[in-house]
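Please keep the sequence and the structure at hand while reading.

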Amino acid sequence: QLLKAMFWLARQFPTRPRAPPRQRPELSCFPSPNSNLGSRNAVMEPSPERSPPTTTATAAGGGHEPSNSSSLFPLFPLSAPTEVSQCLPNPSFSFDASSLNIPPTASSSLPPLSPSSDEEEAAPKPAPAKYNLLPSSPSDEERGSRRDDRKRRKRRRDQERYEGGASSRKPGVRAWAGSETKLVKDYYVDAKGDQDNLAFGSIYRMDIARYKPQNTLETRGLNRRFYNYGHASSQMDLDSDLDGLDNKVKVGGRYFSAKHAVLERNKGFKHLKVLKSDMIAILPEDFIPVETSSLAVKSTTVQQELEESWEDEILRRTKEFNKMTRECPHDEKIWLAFAQFQDKVASSQPQKAARLQTTERKISILEKAVELNPDNEELLLCLLKSYGERDSSESLFGKWEKILMEHPDSCKLWKQYLLLCQGEFSRFKVSDTRKSYSYAVQALSAACTKLCRQDCENADLKAHPSLVQVELGLVDIFVNLCRFEWQTGHRELATGLFQAQIEFSLFSPPLSLSTSSKQRLFEHFWNSGGARIGEDGALGWSTWLAKDEESRQNMVMQENPQEPEGGGWSGWFNPSVANAETNDVSNQSIEELAADGIDPEDPDTEDTPAQDDVESLLKKLGIDVETEYSSEVKDAKTWNRWSTMELSRENEQWMPLRENSGAGPNHSNDASSGEVNDQLSRVILFEDVTEFLFSLSSEEARFSLICQFIDFYGGKISRWTSSNSSSWLDRIMSLEMISNDISEDLIAISDLANKTQNSSHCSLESLLGSMHDLSQRPGLVKFLKNAILLSLDIFPRNHILEEAVLVTTQMYTAQENTLSTPANASRALAKNLLKKDRQDLLLCGIYGRIEARHGNIDQARKIFDMALLSTEGATQDLVRKVPILYFWYAEMEISISTSRNNSDSAHRAIYILSCLGSNIKYSSFGGPISRPLVLRARQGFKEQIRSLRSAFASGCLKEESVALICCASLFESMTSGYSSGLEVIEEACPFSESHTLEFEELWMYYIKLLQKNLNQLSLSRVWPSILKGVQTYPYNPKSYASMLTLSCLYSVPNNLRLTLDKCSQRDPSIVALLFALSFEWSKAGSYNRIHSLFERALADDKLQKSVLLWRCYLAYEAEIACNTSAARRVFFRAIHACPWSKRLWLDGFQKLSSVLTMKELSDLQEVMHGKELFIRTDIYEILLQDEDDI
């Protein structure tokens, strides 16, 4: 009976060829073919015996021990019934045949066996149940045969589907993952694919190799506690039947689940770091070498290093910092690094309380550092910034004031404090911030006076380094005050402050007076009505005082010719006479008022006319006084017109008025009281400027003041300071519009990018406007011309100011549209200046360059020859400046040779440089130069440069030394090639971290030579030099212009973007952002890229206070991206960060008038009034114009 049953089963389940036995890999790159365990092919298949789990994957190509498992129904001979127990190892078939009690007439089929689960396999198998087969009826046999036929047909279709590679390979699985069948390979190549992946959007769950991390540390004998998975990873059982999704897998999840991903990213665990080590990694399957000895064996290393957890790193680094601070308590870098490490710790803490605790720890560290280093400004600033993260604004300002009282002479602390006062929106008012500036000026001025008093016996007082630094910082703070007044709308006050300070510090009379006496004397000059600097007829305070004294003495002598001359200064006016005149005028006005029936003593009559005028104006407009303010303006265009008129008036009204002008008591009777008040507010009294006056004794500080004054009003002036200096950084950060020097480089980069892209896009200048559009400010160019001419009396033979006044004269002539041409005007001024000082050689050079720029080459050569021939009897100071003149002359000839392809100009340039190198007397060019003269000049240049090595080492490089090196480089480039010219600069002056102006000019010339010879140089030669220049001078526009020029020609945009991002991350700068934006707009960059540039820049604390950055962001969102909601958000963020910028507020009125409601626009104007921004146009004027038009 047993044999009959087995034969029946063999007919029902015919044997088929099975896949070679293979073993499931631990982790494979390709999915293995698996199928659903619920398919009918596996109904009668018993589960094999479980094999112990393996922790390491068998190497590919390695042998396996032969498996003891076999097919479920193997072919066996009928005459071998004794081998049934060996062929059928399943316990379901291991039983005694005599135990079956089957009648001999039984012919029905055996019931199918149910598949056993994994849990049943793990437990001991119970004895199989015994059944008595009942006889079946013929109908049952027919139904059974039909059922068998359907099963056979289904199995045939499944077999064909598997062999044909149909849409799913699940029914054709040969070996299950987790079975003890041995695989030929440890991986499976999916050659046919599974179309169900497209239907379900993911691969089948059984096609993912099961995962268990290998504990290599346990195999090495290390402790289990160093392993990072612990109990959570033990839930992943290697032998779990994932197709059945048992409870273990449901709870633990797969290795890609969120639970295990969190464990992988948890910094509290230790991790393994895989390193390379020396070990042969050639596999036998890779290749078959022809000669093994001739081939180099590639060796790699695979080592495992135990990394520390985040908590262990915190403990380790804290111990290291504690040890270093004990050993080096006065090293500020260690303390700052310790504080920055606390920021890193706080960034990994999600709880607010934990972050606050870390901030407290950081503050305690910095307090200890400040206690040990009380005069260190960097530590103080870091400590105050940490206070801002914890304390309220009131407490923070209290701590600032306490530290400033302890360090009143720190310019850096005062700058940061004033910037904090400007940017605090809730506390900001123009009058309060102005008062803070007065405190800063007075404190620093007192510090300068103290230094002067301490070193009064020193003969080299002006060269004292500490005094020079404090005075330079004082000038920077004063210029920042003028910028603040200009940007808040008080432009007349900014101009008056500049006039008063330049007169007080540069043109003070040579008298030994105290500070109070000097101010009283200056008050007389300020109130006298005399011309101030920049005005027509200005002489300077000292000259005016001498002439005023002379005129008074002449007047006294004419009135009292017989009285002897009393001597002494009699410039003080008689207050009794003035009071008598004032009383007469006041009595006369009182009589007029009494005649009109007005009681002059009645205080209520004073404001009655003004009140009546306002009420009558409102009635004319049809506005009820008692109604709400938001109902007055009902059209957004009205606010747009108001902002346009406000900008127009602001550009026109920048010059202070005098009391005796139309704003004073001589104003017309029909003028409204509002206009009179506006005119009076434009009058700058002595009380408005007296708190900000200070004296300057160092030549550097005085020159910095006049140069920043010229730059403030848009004059074209050569670089007077390094781009890394505090003056230049303050200038860049305070920009509201793009300056001219940055604009030129941006336009060049935009044109180059558009040329390569063959497209055109809007530029930054078209969105923001030019910073110094002098055509919109009448009289400004003339004001600058007069001021620079007057300052030449204080700084004689200064070629920077001389060039500035000649260029300004050309601008003034072009603006006035006179009959004279700009060239004639500058030529006439240069001749007048040379008549005063014929020994000014550099002025001759500037004059010659201007003539060459206008095409008068012969005239320019005559001027240069005359200047070089006159150096024979010049003083020693003039002789030292001669290399600058030679360099300008040679550059002019080379530019002529390049533009006109004239070889004669090239020979002239070589001859000029040879005269300088050989140190012979200059004579006019007569023809081709000899070869010995060239050799002599080359040797002379080498000797002269060798003598400057000490200056290079000390960092005290002079302007004439830079000109000498440039001449030597130019000479070698023309005689030996461009490579020799570059080597001269590289060998003479290796670019170090020096931030002086002279080193920066030399670097700029070096970059200019590289760009000129880009076609002959390789990218590997040029790129490192430019990148190092960007790192050394990150605020110089020429640095980024050269980098973008090279990248647009020889690189892809993504590489340039990565480089710009690294530069911005290392040194956040508005200059880097402007060039990145210009590049993206010229390339039509994506919105997300440009948006990320803005947001990353605004994340920096310093750049967040840049008005130019906010204006660019607002203009982009409103006009390019056309995202009104984003522009609205940017606008409110901008005025909150920079509430002092009136131009930023007006941008909101102009660009968002259609987005903001009438109530919001009116409220914005009220907030502007509350912040004390100077508004020159009343909204009622616009309404009156509308009424007149109607």
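## Basis and overall make-up

Helices (H or I, at least four residues) and strands (E, at least two) are DSSP runs, numbered from the N terminus. The model is predicted, so local features need pLDDT of at least 70 and side-chain atom pairs count only at pLDDT 80 or more, whereas totals for chains, interfaces and linings use all residues. Residues are numbered from 1 along each chain as its sequence is written, and side-chain values use heavy atoms, with hydrogens and water left out.

The protein chain holds 52 helices and four strands. Of its 1190 residues, 43% count as buried, where buried means under 20% relative accessible area, exposed means over 50%, and partly exposed lies in between (1.4 Å probe, protein chains only). Contact means heavy atoms within 4.5 Å, and among the contacts in the protein chain with a separation of 6 or more, 69% are accounted for by residues 24 or more positions apart.

## Helix α48 and the residue after it

For a helix, the expected span is 1.5 Å times one less than its number of residues. The 14 residues of α48 should span 20 Å at 1.5 Å a residue, and the end C-alpha atoms of this helix are 19 Å apart, which agrees. Helix α48 is mostly covered, with 11 of its 14 residues buried; among them are W1110, R1111, Y1113, Y1116 and E1117.

After α48 comes C1122, which has a positive phi near 55° although C1122 is not a glycine. This cysteine is placed in the loop between α48 (1107–1120) and α49 (1124–1137), and because its relative accessibility is 55%, C1122 counts as exposed.

## Helix α23

Helix α23 (residues 636–652) has 17 residues and reaches 25 Å from its first C-alpha to its last, close to the 24 Å expected at 1.5 Å a residue. Its buried residues are A636, T638, W639, W642, S643, E646, L647, E650 and N651.

Two packed helices are described by the angle between their axes and the distance between the axes. Axes here are lines fitted to C-alpha atoms, for helices over the stretch in contact, and angles run from 0 to 180 degrees between N-to-C directions. Angles under 35 degrees count as roughly parallel, over 145 as roughly antiparallel, 65 to 115 as roughly perpendicular and the rest as oblique.

The axes of helix α36 (residues 882–900) and helix α37 (residues 903–918) come within 8 Å and cross at roughly 165°, and the two helices are therefore roughly antiparallel to each other. On the α36 side the contact is made by P883, Y886, Y889, A890, E893, I894, I896 and S897, and on the α37 side by S905, A906, R908, A909, I912, L913, C915 and L916. These residues divide into 12 nonpolar, two polar and two charged, where Ala, Val, Leu, Ile, Met, Phe, Trp, Tyr, Cys and Pro count as nonpolar, Asp, Glu, Lys and Arg as charged, and the others, Gly among them, as polar.

In the loop between α37 and α38 (931–946) lies N919, whose phi is near 60°, a positive value in a residue other than glycine. At 67% relative accessibility, N919 counts as exposed.

## The pair α40 and α42

Helix α40 (residues 959–975) and helix α42 (residues 997–1012) have axes that come within 9 Å and cross at roughly 20°, and α40 and α42 are therefore roughly parallel to each other. The contact involves E959, V962, I965, C966, S969 and L970 of α40, together with E998, L1002, Y1005 and L1009 of α42. By class, this contact of α40 with α42 has seven nonpolar residues, one polar and two charged.

## Two buried residues

S1042 is found in helix α44 (residues 1037–1050) and counts as buried at 2% relative accessibility. Leaving aside residues up to four places away in sequence, S1042 touches I1007, Q1011 and I1026. The C-alpha atoms of S1042 and V1030, which are 12 residues apart along the chain, are separated by 9.2 Å.

H407 lies in the loop between α14 (393–406) and α15 (411–423), and with 11% relative accessibility H407 counts as buried. Not counting residues up to four places away in sequence, H407 touches P374, D375, L380, L413 and W414.
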